[in-house]
Amino acid sequence: MTDLRARVERVVREVVAELTASGALRPGPAPETVGSRTPLVAANWKMHKTAAEARTFVAKLRLSDGVETVLCPPAVLLPVLAAALPPGNPVRLGAQNVHFEAQGAFTGEHSCAMLRDAGATYVVVGHSERRSLFGETDHDVARKAAAALRAGLRPIVCVGERLAERESGATFRVLRAQLTASLAGLGLPSPDPATLVVAYEPVWAIGTGRNATAAQAQEALAFLRDRLAELFGHAWTRGVRLLYGGSATAKNAPELAAQPDVDGFLVGGASLDPAAFGAILAATAAARRGREAG
Ligand code: PGA
C-alpha cells in the first residue's frame, strides 16, 4: 500500500513537473535553491580513538570551504577535541548519543547540558547501532531529539531500512514509520530549519562496504523530504539538511553528493582517517559547486 502510494506520489511529481514546464501550471512559491542548504559532513567515530589519536586527527585534517564539518567522537573526547581545535575554527562537535532526561539516576548516561558543556552543538540520535545493539525504540529517539532541541543541541536523526525490508519492498513503509515516530511530538522544531538534520542510513550499507547507489539515496531522501514537508511544511523543510550514511567514501561521495536531496554525509569507517575524511569533504564541496553552476 505504501509502495503504491510512493509510486503514485512519484507520478504526481512527474505530471506536475511536466505541466509546469509546459506553462500550464504556474510555478509555486520560491523554488528550492541548492545554495540555501549548507552541506554538512559528520564524522561518526563510534568507539574509536584515544585522546592522542584524536589530537593527531585534528592536526592532519584539511577542511573544505562551503561544507560544515562535524566531528562526533566518543563523549569523553569532546573536551579533548574542543581544546585541540584552534580558536575560531569552523569545525563543530557532536555527540553520538544522549539521554532524554535532564539529570538523575541513569548510570553511564550523559544529558544534553553535559554534552553542550563538553563542546557539542550536534548529537546523533537513533543510529542503527543504538537501535539494534542497545534496544533504542523510535519513542526513545523522539524523546532524545526533543530533549536535544530544547537544550539547544541540533539532533542528527537517523533512519534506515534493513536488507530484508528493502528486498521485500518495505523500504518506504519503514522509512515513513521510523521518521514519523522518531520526530513525534516535535511540532515545528525551531524557526531555523538547520537545527534539524536527518540521516538516511540503510542498515545494509553501514560498515559493509556496500553503499546505496546515488539513485537509491536520492529516492530515499526525496521521500524523507516529502514526509518532513507533511510534518513541518514545505517552506521550512526546504532548509533541512538530509544526509546519506553507509559506506560513504571519497570514491562514491562525488556521485552521491551530486544528487539534489543529498546535503552531505554521516561517515563511519572513512571518517577515522583524516585524509579519507578530508577527501569526502572536498568531494562534497566540489559537488555542491557543480550543482550551483549547473
Ligand atoms: P560507515 O558507517 O560509514 O562505516 O558505513 C556509517 C554510520 O554508521 O554512520
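**View 1. Packing of helix H6 (residues 138-151) against helix H8 (residues 171-182).** In this predicted model, the two helices H6 and H8 pack at an angle of about 45°, and their axes lie 7 Å apart. Two packed helices are described by the angle between their axes and the distance between the axes. Since angles under 35 degrees count as roughly parallel and those from 65 to 115 as roughly perpendicular, H6 and H8 are therefore oblique to each other. On the H6 side the contact is made by Asp138, Val141, Ala142 and Ala145, and on the H8 side by Ala177, Gln178, Ala181 and Ser182. The residues of this contact divide into five nonpolar, two polar and one charged.

**View 2. The closed barrel of eight strands.** The strands follow one another in the order E1-E2-E3-E4-E5-E6-E7-E8, with parallel pairing, and neighbouring strands of this sheet are turned by 25° against each other on average, direction ignored. Helix H12 (residues 274-293) packs on the sheet, where H12 touches E1, strand E2 (68-72) and strand E8 (264-267), and the direction of H12 makes about 165° with that of E1.

**View 3. Pairing of strand E4 (residues 120-125) with strand E5 (residues 154-159).** Strands of a sheet pair through backbone hydrogen bonds, either parallel or antiparallel. Here E4 and E5 run parallel and are joined by four bridges, and valine 124 has isoleucine 156 of E5 as its bridge partner.

View 4. With a relative accessible area of 1%, arginine 37 is buried, and its side chain reaches the backbone oxygen of proline 260 at 3.3 Å.

How values were computed. Residues are numbered from 1 along each chain as its sequence is written. This is a predicted model: local features need pLDDT of at least 70, side-chain atom pairs count only at pLDDT 80 or more; totals for chains, interfaces and linings use all residues. Side-chain values use heavy atoms; hydrogens and water are left out. Buried means under 20% relative accessible area, exposed over 50%, partly exposed in between (1.4 Å probe, protein chains only). A polar contact is a pair of N or O atoms within 3.5 Å; within protein, one must be able to donate a hydrogen and the other to accept it, and residues adjacent in sequence count only if both atoms are side-chain atoms. Axes are lines fitted to C-alpha atoms, for helices over the stretch in contact, and angles run from 0 to 180 degrees between N-to-C directions. Angles under 35 degrees count as roughly parallel, over 145 as roughly antiparallel, 65 to 115 as roughly perpendicular and the rest as oblique. Contact means heavy atoms within 4.5 Å. Ala, Val, Leu, Ile, Met, Phe, Trp, Tyr, Cys and Pro count as nonpolar, Asp, Glu, Lys and Arg as charged, and the others, Gly among them, as polar. Two strands pair if DSSP finds at least two bridges between them.
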